[in-house]
Amino acid sequence: MNTEGKPTYILGIETSCDETGASVVMRSESGAGAIVSNLVRSQLKEHAAFGGVVPEIAARAHGEVLDGMIAAALGDAGLGFDDIGAIAVTAGPGLIGGLLVGVVTAKALGLARGIPVLPVNHLEGHALTVGLTEGVKPPYLLLLVSGGHSQLLAVLGVGRYERLGTTLDDALGEAFDKTAKLLGLGFPGGPQVERWAVGGDPSRFALPRPMQGRPEPHFSFSGLKTALRLEAVKLGALSPRDIHDLCASFEQAIAESVADRVRTAMAMFRRRLAADVPLRLVAAGGVAANKRLRATLARQAERAGFSLHVPPIALCGDNAAMIAWAGAERMAHGLADASDFEARARWPLDAAAPKAMGAGGKG
Ligand code: KG4
Ligand code: ZN
């Protein structure tokens with residue numbers, strides 16, 4: 001591969017939750033990446049009536065569209081299977097039924113076409129996206145905030161992750177989703193809460209800033225969620241103004257709490273790495289799309305002498321380009337394992353990290 005300085009084309013497949021993704025990404029020998037095609041199909045409509053993702057429905061919906069999307073991603077790229085150097089597929093963590101659809105499809109294609117198939121950790125996809133979008137390569141400090149995870153990690157290299165902090169209860173996206181449900185705003189909650197927060201008064205409700213000042217950069221969001229519920233119950237019937245103000249106050253509390261945790265992690269990262277390492281903070285995962293959070297992080301990073309890097313909003317959510325890119329990076333770093341693999345519902349990026357005190361089962 002790459003014998004004549006030619007770029008490598010990787011086909012990426014993503015089916016871990018409620019977005020089906022197929023993408024072709026190019027990686028040049030110099031290490032630069034480019035998205036050649038990128039298709040994402042959200043299953044929002046299938047799950048809307050249930051107020052959350054239904055695993056069986058998700059798996060069936062991935063199965064119905066994945067083959068066609070792979071063909072379309074290749075078509076958009078103007079490439080055939082003969083041009084593809086490897087297939088990178090999300091093998092975990094996520095909903096096992098959906099993961100199996102992607103993994104079985106990737107393995108069948110690999111076998112039929114003689115193309116190597118690489119298992120990719122979905123979280124590594126989010127973690128490395130800024131390498132694809134703006135050429136930012138490790139080391140950096142990563143804030144990973146999605147529907148299933150809230151973590152602070154030192155990304156020391158491709159495949160080398162040290163977890164500094166994690167959530168003791170809900171993931172951040174989960175807290176947004178549950179709050180939106182409570183306020184009757186629909187699913188997924190993050191974008192709805194953000195929309196309603198516009199024009200709201202962020203100081204009307206005195207919500208807690210969880211974990212503020214704690215020495216370890218862990219998160220907790222369940223107390224904040226409960227405090228918001230109590231405020232809503234006190235009000236009784238909610239006017240649109242109440243909802244605007246509740247959403248703005250919630251977002252503000254989240255942004256300040258996360259910024260405090262990130263400040264602690266930046267100090268740890270600075271101590272952990274050699275003095276001449278550039279100080280960079282990367283935010284990734286679906287919640288990194290939140291504008292108030294992005295603005296608060298930008299101020300916090302600047303104060304600490306860190307530069308902030310966030311993927312474009314379209315690549316914050318789940319997509320297959322990030323999976324293809326993580327596969328390409330692993331291959332380039334000699335981490336591509338040709339042996340057989342299975343889909344895994346649980347797959348922490350830092351397997352050596354201890355369980356956080358009081359953690360409710362999420363790592
Ligand atoms: O990374 P992602 O697309 O899927 C997972 O791997 O979980 O993240 C989805 C999560 C959902 O909880 C969604 O509500 C949240 O990201 N989210 C947001 C925003 N956009 C998506 N949360 C806050 N503000 C947003 N603009
Ligand atoms: Zn994700």
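Which protein donors lie 2.1 to 2.2 Å from the zinc ion (ligand 2)? They are His-122 through NE2, His-126 through NE2 and Asp-318 through OD, where donors are N, O and S atoms within 2.8 Å of the metal (3.2 Å for Na, K and Ca), and where sites may look incomplete since water is not among the atoms. This is a predicted model, in which local features need pLDDT of at least 70 and side-chain atom pairs count only at pLDDT 80 or more, while totals for chains, interfaces and linings use all residues. Residues are numbered from 1 along each chain as its sequence is written, chains are lettered from A and ligands numbered from 1 in the order in which they are written, and side-chain values use heavy atoms, with hydrogens and water left out.

Along the sequence, the donor residues of the zinc ion follow the spacing H-x3-H-x191-D. His-126 sits in helix H4, whereas Asp-318 belongs to the loop between strand S10 (307-309) and helix H10 (321-332), so the pair ties together parts that are 192 residues apart in sequence; helices here are DSSP runs of H or I with at least four residues, and strands are runs of E with at least two, numbered from the N terminus. His-126 counts as buried because its relative accessibility is 2%, and Asp-318 is likewise buried, at 16%, the term meaning under 20% relative accessible area, with exposed set at over 50% and partly exposed in between (1.4 Å probe, protein chains only).

Taken alone, ligand 1 exposes 560 Å², of which the protein buries 86%, the areas coming from the Shrake-Rupley method with a 1.4 Å probe. A backbone N or O atom of Gly-147 lies 2.8 Å from an oxygen atom of ligand 1, and a polar side-chain atom of Asn-290 lies 3.1 Å from a nitrogen atom of the ligand. The shell holds 20 residues, the closest being Gly-147, Asp-177, Gly-190, Glu-194 and Gly-286, with a residue taken as near if one of its heavy atoms lies within 4 Å. Helices H4 (122-134), H5 (172-182) and H6 (189-197) each supply at least two residues of this shell, and the largest share, four residues, comes from H6. By class, the shell divides into five nonpolar, twelve polar and three charged residues.

In soluble globular proteins, nonpolar side chains tend to be buried together.

Some individual positions complete the picture. Leu-228, in helix H7, is buried with a relative accessible area of 0%, and its C-alpha is 9.8 Å from that of Leu-183, 45 residues apart in sequence. Thr-167, in the loop between strand S8 (160-166) and H5, is buried at 2%, and its side chain reaches the backbone nitrogen of Asp-169 at 3.2 Å.

Conventions:
A polar contact is a pair of N or O atoms within 3.5 Å; within protein, one must be able to donate a hydrogen and the other to accept it, and residues adjacent in sequence count only if both atoms are side-chain atoms. Ala, Val, Leu, Ile, Met, Phe, Trp, Tyr, Cys and Pro count as nonpolar, Asp, Glu, Lys and Arg as charged, and the others, Gly among them, as polar.
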